[in-house]
Amino acid sequence: AAAADLAEIDRRYSFHPFTALADHERDGPSMVITGGKGSTLTDASGRDYIDAMAGLWCVNVGYGRTELADAMRDQAAQLSYCHAFSSMSSDKPALLAEKLIGMAPVPMSKVFFGNSGSDANDTQVKLVWYYNNARGKPGKKKIIARQRGYHGVTVMSGGMTGLPGLHAGFDLPLPFVKHVMAPRKLWEGHGLSDAEFVAKLVDDLEQTIAREGADTIGAMIAEPLMGAGGVLAPPPGYYPAIQAVLRRHDILLIADEVICGFGRLGDMFGTTTMGMEPDLITVAKGLTSAYFPLSACIVSEKVWRVIADEGSKAYGAFGHGYTYSSHPVGAAAALANLQLIEEEQMLGKVRSTGAHLQAKLREAFADHPLVGEVRGQALIGAVEFVKSKDGGPVGFDPALKVAPRIVKGALARGVIGRALPNADSVAFSPPFIITEAEVEKAVGAFRDAADEVLGELRR
Ligand code: PLP
């Protein structure tokens, strides 16, 4: 079908995630993509775009890798589906679990597969509850999450997400989720040294625990580097300090590695980059480079021993799992994806191209009067625009939609980026295989778009 026809079909029959519904029903989609190769997407009219976001921080090995397509096709032909209920198993998920335990950033014991980051984080909460119930501490139910954290959209993971815009209209978060301060240097840490900022963040955590009671709190969840909430790396020393508090209060730590996992920060896991010591790890996105919806909860021996021994005694079977848990086609995609990352030494690429991205972003934006901060590391970055920054940052009126307008301007220049929710930040998280020339084109398009939008605002 022609591009205009496809857009009209989409407008008429579907509605989309994170989309203003009435606008979509009136205007239809902004574009209809029909192909992808490397870092480039092609729309129905044949126009190319550099995808500087790797989809939603996920197509890490790039589009159109035939190794993954072949692995999925071969697996679908050999064994298209096998459930994992009642101890049934199939070959690829077993091999993938072995692989994940072998590569885990801290010693881990077991893997449980799901379909998405959201459902995996839901599973983590159920594991925390099951663990605490099984060891006779049923009061430890509450989950500490962070303001601006993003953990998904199911009722539980959507509640743990700390972005008010994503709670609106949904009666979230549920009362047993408590949010602590985000490690956002520009705002919450303005004017503080790193050590002072760590102390402020730790104090906020301690106060929250004291207020709620440690015997009511089961776990804290945190992304090694916060993605959708603004591409926020914690200040040095943050995790060791936070972890000391959690340990003292018998509170588990869940590392949400959905974005960072499998190389985005230049190490295989953000846990390593940030010095985390999690009891539970969530992975999704980069596990298959989004060629198949697959996620996993990676579980430590500490949690495993209790749920396997005490949990089995108390409750019989573990009453949780999805039709698509341990999907063989997903596992085949993940195995092929991890093989590509290793064989093509993509972590080295992330580090070298990442250094180039960070340098180019700073060159293009750091001195701009309306840029509050350029941040990120390796192949993830963000630029935050502010109305002024002398004597503390002052944001633009959200109604001006500064970041969305800049993203729109970049799109008109053939580059796809992302405006982050609830802040005037634009994000970059390109495929690991993006070239330096493509990085330069992407940053240049954003700089031109920003100049145009900020010029309009000054008028
Ligand atoms: N956790 C993090 C850190 C994420 O970035 C995301 C998605 O962006 C999720 C969880 C949710 O994953 P999904 O969209 O696959 O449910």
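Trainee: How do S12 and S15 pair, and over how many bridges?
Mentor: S12 and S15 run antiparallel to one another and pair over 4 bridges, where pairing requires that DSSP finds at least two bridges between the strands. Strands here are DSSP runs of E with at least two residues, helices are runs of H or I with at least four, and both are numbered from the N terminus. This is a predicted model, in which local features need pLDDT of at least 70 and side-chain atom pairs count only at pLDDT 80 or more, while totals for chains, interfaces and linings use all residues. Residues are numbered from 1 along each chain as its sequence is written.

Trainee: Changing topic, which residues come nearest the ligand?
Mentor: Ser116, Gly117, Ser118, Gly152 and Val258 come nearest, out of 15 residues around the ligand, counted when the C-beta atom, placed from the backbone, lies within 6 Å of it.

Trainee: Which helix gives the most to that shell?
Mentor: Helix H6 (residues 117-134) does, with 3 residues.

Trainee: Where are the domains?
Mentor: An automatic or database assignment sets the bounds, giving domain 1 (31-61 + 345-458) and domain 2 (68-343), and their C-alpha centres lie 27 Å apart.
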